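Me: I would like a close look at a single part of this model, namely one of its chains and the way that chain meets its neighbours. Please set the answer out as one connected account.

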Amino acid sequence: MSLARTLSPLIRAVRSPMGAAAGLWVLLIVALAILAPVVAPYAYDAQSLPDSFQPPSAAHWLGTDEFGRDLLTRLIYGARTSLSVSVTSIALSVFAGMVLGAAAGYVGGAFDRAVTIVVDLSWSFPEILIALILVAIIGPGVTGTMVAIGVAYLAQFTRLTRAQILALRSETYIEAARSLGAGGGFILFRHLLPNALAPVLVAGMLATGDAIILEATLGFFGLGAQPPLPSWGSMMSSGSALLFKAPWIIILPGLAVAITVVAINLFGDALIRALDIKTRLREA
Amino acid sequence: MLLSVRDLSIRFGPVEPVSGLSFDLDRGQIIGLVGESGSGKSLTAMAVAGLLPLVGGRIAEGRILFDGTDLARLPEAGLRAYRGRRIGVVTQNPMTALDPAQRIGEQVEVVARLHRGLSRQEAHQATIELLTALRIPEAGAICDAYPHQLSGGMKQRIVIAMALAGEPDLLIADEPTTALDVTVQAQIIHLLGQLVRERGLGLMLITHDMGVVAQVCDQVAVLYAGRLAETRDAPGLFAHPRHPYTAALIDCIPREGMAPGSLTGIPGAVPSAASYSTGCRFHDRCPRMLDRCRTEVPPLVARPEGGSLACHNPMGPT
Amino acid sequence: MLSYLIRRLLLLVPVFLAVSAVIFLILHLIPGDPVDNLLRVGSSPAQRAEIEARYGLDRPLVVQYGIWLGDVLRGDLGTSIVTRRPVSQLIGLALPESLKLGGFALLLSSVGGILLGVIAARMRDRWPDRLIMGGVLLGSTLPSFWIGLLLILLFSVQLGWFPVSGARGWDSLVLPVITIGIGGIALVARVTRVAMIDTAGRDFVLLLHAKGLPPERILWRHVLRHAMIPVVTILALRIGWVLGGAVTVEYVFARPGLGSTLIKALNQHDYPVVQACLLMLAIAVLLGTLLGDILQAAMDPRIRESIA
């Protein structure tokens, strides 16, 4: 795929004002997450008890928490944790799902049936439950959360990839390649997977939004990133005890989650329209 | 005159798939609207049935005089008094025309109850009679069946029954036989012809099949790419087609004694409404094209022998 | 229909076996010795031996699973490691609470979602549609625990209309039901809208208009009826999801129920309770899919026939 072909849907996606605004927000959050140590005004674990529960001021733009830590700083570092956890876990999930789905769709037979049964079964269970079980087995923390979220979404990508491969398999150019004597591996990697890629990647992007929520939920249960490392979820977890005293501690990270997830969804929708893959996403 | 369409133009947003269409239809008569797919014949049917807004189109110009009332100017609520009650519609694909979750009987009865004010029982009785008249065996049992339990030909009879249940004056049949087996096609066409004669209905028959037209139609209007090519009484048209397109369509009818496979199709395809060319829209497929056909739209002119013609270089005189 | 029901139920048996096997295996997948995981710290060797004998922990896995499944089917879900009470007792207290919450949430999701979906489909691409779809996007992307906390902040703390937490009166149910319902309404509204628009474009609907039926009647009696087939399927599939979503909401509102019991047991490493809660949720999911299939068959005569 040439660079121009890869970029053109992105350019078309940001042509609508909604898509552009959403894309801009996602870009901003990603930049903040990457540059957190540079842009954050304080250290995320710098406590200062005399400054606790401060309302927004010139020194602390968004105020401080119960330990006097700067909330803006913690939000920026929270973005770093939340985004890296959800992006990593979805990347793992997409990769594993594509391998499994492609294998199932391409090999077929008993292997395909076995994969389908397991995938269908786990698909009807809420992701949060699957993630909770895995966190219970692996133990809380960043790694546990990543694996848990990754496995929770595995079914979705396996299903989607498998459906794409099955749909593409019967198309004429694949038949043509086969009749020309192309080997199975060649067809799979050269033709099937690249064509199945766009819908799976867009689904992966949308799932990253869901993963941010899932990470926040696990964090809220105290099962995600462990203190003092902030994530949006763990910030809300500690904030929930202070709901009545300092509601902004919980409202701010919640807003960050909400706006980011909405932006990811809007941008994803714009991308789906630009790539014209709506029906292919719905098939699965 | 039962139906008189004058200078009808249909628009979908910026495109105008049908322009300047005119034709007349009397009671007890059948007019065939003929053309390949994309000629605008189905849209014309929708416009007369008052269904155009439902598919996103609108009547841009012209009149549809039905029994003296201009349907083109009626609002949606006013049209409803005509739909089903005075104008019945038979659609192309009987497989998808019936509500799959409702029993056949109810689907026909509702029309009689709604438009003729019959009670449930009277409507049921009337439905049985109607189905029997349409030569549907065991009408009572059929009424209790669901659509998927019937054959295609039987379903199309049910669709015709629905169209007739309101005792309309005008029947619009859009390719009523395309989706059916050849033997069933003939039965349905025969049935429609009989209904027109017996009940004094006007029938607007939309088809791409000149063979069907030859069987039952009294009048013919040939459409090409949203414009009239030629209109005339059926015998005259078949005897002396003057528009090259009409002649080509007639040549498509399979005849006895013809070598199998020698069916002459018309090379090329109807242009889409978004890309109509200048001049006569048929010029790039026409064997008799002149230079002016490329630039000048041929006007629709009345002919001394009846009907009208839009061609710069018509075929042999009559 | 009856034979279909029986066959459909029989089909659930292998699925149930598979799911229960996975849940059974949790005990062996967690780090550490299963016996230790079933014992409190500081238990005597005698207690250890008793546990080993009770679960057959020295025998092959398949036999252990058989013993466990046999117990479960007899209603013996084991003993809670923390409270030392029978797990079935705990479940007996938690399940009705979850069912109550889940039932009302499902009711709100279906009624609200279908209504909004129909309105959005009818007003397609006009402002009510855009407004509803905007709300749907928000409703499906906001974390439910956060919505719950904000609702508490507004309605319990500021306005004092509802209790902050607990499950004493009916009024304590309102905010949790709304919290789950917001996500549910968003989901159902989206599916309903798409299904309505799809159905409205089908041939037979055009013909219903041609028959002169009033548009309202076509909408409610024909289009909605067909559009409901995918909606009901989604709803039934999401019964487990609603109960699972209840996990978070029960925790936020400190309500008793399967979800809060599960979270507590997870934190306390009380594995018999974890297994029992998961089993209950799994059964709910399986029954949900069964219900979905049955309702589908009831609504569509073609499906009804193909299975008769």
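In what order do the elements of chain C run from the N terminus on?

Reply: The model is a predicted one, and it scores ipTM 0.85 and pTM 0.79.

From the N terminus on, the elements of chain C run α-α-α-α-α-α-α-α-α-α-α-α-α-α. The count is accordingly 14 helices and zero strands. The C-alpha trace of chain C spans about 80 × 55 × 30 Å along its principal axes. Of the 308 residues in chain C, 43% are buried. Among contacts in the chain between residues at least 6 apart in sequence, 71% join residues at least 24 apart.

The confidence of the prediction can be stated for the chain and for its elements. Chain C has a mean pLDDT of 83, with 94% of its residues at 70 or more. Among the elements of the chain, helix H5(C), residues 87–122, has the highest mean pLDDT, 90, whereas H14(C) has the lowest, 66.

Chain C is divided into two parts: domain 1 covers 2–73 and domain 2 covers 90–307. The C-alpha centres of these two domains of chain C are 32 Å apart. Their contact involves 13 residues of domain 1 and twelve residues of domain 2. On the side of domain 1 that touches domain 2, helix H1(C), residues 2–29, supplies the largest share, ten residues. By class, that side of domain 1 has ten nonpolar, two polar and one charged residues.

The neighbouring chains come next. Two pairs of chains are in contact, and chains A and C share the most contacts. Chain A and chain B do not touch, and their nearest C-alpha atoms are 21 Å apart.

In the contact with chain A, 32 residues of chain C meet 28 residues of chain A. The elements of chain C that each give two or more residues to this side are H1, H6 (127–141), H7 (144–158), H11 (239–252), H12 (258–268) and H13 (271–299). H11(C) provides the largest share, seven residues. By class, this side of chain C has 26 nonpolar, six polar and no charged residues.

The contact with chain B takes 17 residues from chain C and 24 residues from chain B. On the side of chain C, the elements that give two or more residues are H9 (203–210), H10 (215–237) and H14 (301–307). H9(C) gives the most, with six residues. The residues on this side of chain C divide into seven nonpolar, four polar and six charged.

Chain B has an open sheet of eight strands, in the order E6-E7-E8-E3-E9-E10-E12-E11, with mixed pairing. Strands E6 (87–90) and E11 (301–302) of chain B stand at the edges with a single partner strand each, so one side of each is left without a neighbour in the sheet. As background, strands of a sheet pair through backbone hydrogen bonds, either parallel or antiparallel.

Both senses of pairing can be followed in this sheet. Strands E7(B), residues 170–174, and E8(B), residues 202–207, run parallel and are joined by five bridges. Leu171(B) has Leu203(B) as its bridge partner in E8(B). Helix H7(B), residues 152–164, lies across E6 and E7 of chain B and runs at about 170 degrees to E6(B).

Further along the strand order, E9(B), residues 219–224, and E10(B) run antiparallel and are joined by six bridges. Leu228(B) in E10(B) is the bridge partner of Leu223(B). The hairpin of E9(B) and E10(B) has two residues between the strands, and Ala225(B) takes a positive phi near 50 degrees there. Strand E10(B), residues 227–233, is mostly covered, with six of its seven residues buried. E10(B) also pairs with E12(B), residues 308–309, in the antiparallel sense over two bridges. In that pairing, Thr231(B) has Ser308(B) as its bridge partner in E12(B).

Technical notes. Residues numbered from 1 in each chain as written. Chains lettered and ligands numbered in written order. Predicted model: local features only at pLDDT ≥ 70, side-chain atom pairs only at ≥ 80, totals over all residues. Contact = placed C-beta atoms within 7 Å. Helix = DSSP H or I, 4+ residues; strand = E, 2+ residues; numbered from the N terminus. Nonpolar A, V, L, I, M, F, W, Y, C, P; charged D, E, K, R; others polar. Pairing = 2+ DSSP bridges. Axes fitted to C-alpha atoms, helices over the stretch in contact; angles between N-to-C directions. Domains from an automatic or database assignment. pLDDT = per-residue confidence, 0-100. Buried ≥ 20, exposed ≤ 12 C-beta atoms within 10 Å, placed from the backbone.
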